[in-house]
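Welcome! Please take a moment to look over the sequence and the model, and then we can walk through them together.

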Amino acid sequence: MPSGRQFVKAMRLGGAIGVLTASVALAQDAIKIGVLEDQSGDFAAATMVKVNAITLAAEEINAAGGIGGRPVELVVYDTQSDNTRYQEFMRRVLQSDQVDVVFAGFSSASREAYRPIVNQFDGLAFYNNQYEGGVCDANMIVTGAVPEQQFSTLIPWMMEKYGKNVYTLAADYNFGQISAEWVRQIVEENGGTMVGEEFIPLGVSQFGQSIQNIQAAKPGFVVTLLVGAAQASYYEQAAAANVNLPMASSVNVGQGYEHKRFTPPSLKDMYVTTNFIEEVDTPAAKAFVEKFRARFPDEPYINQEAANSYIAMNLYKLMVERAGTTDHAALRAEIAKGDVCFDGPSGKVCLDPKSQHMSHTIFLAKVEADHSISFPTVWENIEPYWLGEAGCDLTKNDPSAQYTPSSPPPQQ
Amino acid sequence: MLTLFSFLFQFGDAFAFLVIASMGLAIIFGMMGVINLAHGEFIMCGAYTTVSLAQLGLPLPLAILGGSLVAGLIGMVLERTIIRHLYHRPLDSIVATWGLSMIATQGVLIALGSTMQGVGTPLGSFTVGGFSYSTYRVVLMGIAVLLLVGLYLVFYHTRAGVIARATIQLPRMARATGVDTGKVYTLTFGLGAALAGLAGGLYAPTMTLVPTMGATFMVESFVTVVIGGGDIFLGAAPAAAILAVIRSGMTAWQGQLFGQIGLLITVIIVIRLLPGGLSGWILGGRK
């Protein structure tokens, strides 16, 4: 829709000019925030809400006088669930739009596609998505949850309740492979057995053979790390074949709201660790959902990435106001103090100076037979400790690398 | 652990998917020669219509027929307005149908949002030898076979089928005998679109409903039709059987990735050795 986009752009330009003339006395221009999220393609169902969350935060910030008196201006591009688009638009926002900060990315493949470009132009990017962990890069700030927050809580809890035989069904790319490695390690540490592990190429929608493999392996529960709309067909097909095993996941429900999209009881006994979903029953979460729905009444679901994107906007505001500048080194100096915190939709969260990842309160969400959500337990304030303990310290050096349990940072 | 039944079930499941997904394309691309990159969007149209009708309270079989009908009607309208100007211009038809596919995907995303709630798979499950299976999958296998038989009867044992084949093989001669070839093209294209819509309707209860869902059918459909060649019955049907054996065998042996690799390697080998596809090879002796 080039014409539509141009129209929006023209409107935005008009708006920006309006803001500029109005605030000429302040002689300050807007803080430009690049937003690269998938608004079409395979991931759109889970990610369109992130753009709305960022818009909501930007409007709130502007209504309250901007960031340090400067209004916020969003530069939004649709990355179309396509890694090449991420690279193209990341170059565009950093080079020609000259944004101060970028909010970008859903899939880990897309993040790894754009990260070298952020490094090349020394940009600053917020990745507001749960992921497989391990990115130690000073140009990145990660507000999504990581394996020590989602798996170190979930897997032992599931093994206690449903036995020590575990089967992993994961998407076949960096996210699924590395997450499966985490699951494998945690299962072994807790004296369990991996009775099966299967990697599914993205875009696969037929699971007949996988369902049979799972039944043959007889696990206590299945860890589903399936990504994208096509792979989500698994739940319906497994339910139709009456597999009837509990499931554990770090991505379902909290991202793709499968419990709303599929007919009950296909997601019965799915357990997910998430830092936010719209069913969370805290006053802060309820207030967030209420104002979100007031602004975007047609939003299908307010997921954890929406909350993380909203939190990230507010953290950025806080950092810029404390530093008195949008300069990246100054902002990182603020993070290094270790007290950049925000009390938002998912409770109090803080940025960890060593890894530039965020602490989270993790809710265990259980999908009931009627697809309502209950919360059997909550883990308060889990730090993103793994990178720091493994040897990543961004206050000292910046390797700009991604580490995993089997390839940790080099020991000094 | 693998019983004969489970292997047969997986084979039948893969066969049904390949046949149902590719029949519409076999007519539009295999017979008529239009490289239809909007095939997946006809499938999506059938799926969305089916689910909408089912949610309005129509029984699922009727809803599926409705999905097929709507896709067929849209197909006929598109044939009249766009496709008919592109016969014998394969490269242009690629661009045009690709454009249609993008318009349909993005249009549905804007109009109906990023997802739609499904209807759930009917008919429950049954157990054989310690494994449980979805009954609906067996129904799909039956429908795949019925579809092949039905199309065979239509094209080879009805007057309309003979006229359709005559029109596509020798349009001038058909016109000389008084056939309204324009109408035949429209109806044949409509039938292809309706079969794609039927595929969408049949698989809608088992899948995620998103605007891009058609894409997951594309590789399998094209692979089946390319390996099959121009003739549905001597081409696409045996191609689907062979590919189903390769796919289910490779998937059972090494997982989904190898199932896909097997599928694609088979295409490379077949089009290298048999450029006319299976049907070209089978019919080669007769020409």
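This is a predicted model: local features need pLDDT of at least 70, side-chain atom pairs count only at pLDDT 80 or more; totals for chains, interfaces and linings use all residues.

The domain bounds used here come from an automatic or database domain assignment. Chain A is divided into domain 1, made up of 2–145 + 281–360 + 382–402, and domain 2, which covers 148–274. Taken over C-alpha atoms, the centres of these two domains of chain A are separated by 29 Å.

How do the two domains of chain A meet? Their contact takes 23 residues from domain 1 of chain A and 21 residues from domain 2 of chain A. On the domain 1 side, H2, helix H4 (108–120) and helix H12 (304–323) of chain A each supply at least two residues. H4(A) has the largest share of that side, with three residues. By class, the domain 1 side has 12 nonpolar, seven polar and four charged residues.

Next, find the sheet in chain A. It is an open sheet of five strands in the order E2-E1-E3-E4-E6, with parallel pairing. Strand E2 (72–78) and strand E6 (140–142) of chain A are the edge strands, since each pairs on one side only. From one strand to the next, the twist averages 25 degrees. Looking at one pair in detail, strand E1 (residues 31–37) and strand E3 (residues 101–104) of chain A run parallel to each other over four bridges. Here Gly34(A) has Val102(A) in E3(A) as its bridge partner. H2(A) packs on this sheet and touches E1, E2 and E3 of chain A. The direction of H2(A) makes about 170 degrees with that of E2(A).

The contact between the chains takes 36 residues from chain A and 36 residues from chain B. On the side of chain A, helix H2 (44–63), strand E8 (193–200), helix H7 (208–217), helix H8 (228–231) and helix H9 (233–240) each supply at least two residues. H7(A) gives the most to this side, with six residues. The residues of this side divide into 16 nonpolar, 15 polar and five charged.

Is H9(B) largely enclosed or largely open? Because 10 of its 14 residues are buried, H9(B) is largely enclosed by the rest of the structure. Among the buried residues are Phe217(B), Val223(B) and Ile227(B). Just after this helix, Gly229(B) takes a positive phi of about 85 degrees.

Definitions and conventions: Residues are numbered from 1 along each chain as its sequence is written. Chains are lettered from A and ligands numbered from 1 in the order in which they are written. Two residues are in contact if their C-beta atoms, placed from the backbone, lie within 7 Å. Ala, Val, Leu, Ile, Met, Phe, Trp, Tyr, Cys and Pro count as nonpolar, Asp, Glu, Lys and Arg as charged, and the others, Gly among them, as polar. Two strands pair if DSSP finds at least two bridges between them. Axes are lines fitted to C-alpha atoms, for helices over the stretch in contact, and angles run from 0 to 180 degrees between N-to-C directions. A residue is buried if 20 or more other C-beta atoms lie within 10 Å of its own, exposed if 12 or fewer, and partly exposed in between; C-beta atoms are placed from the backbone.
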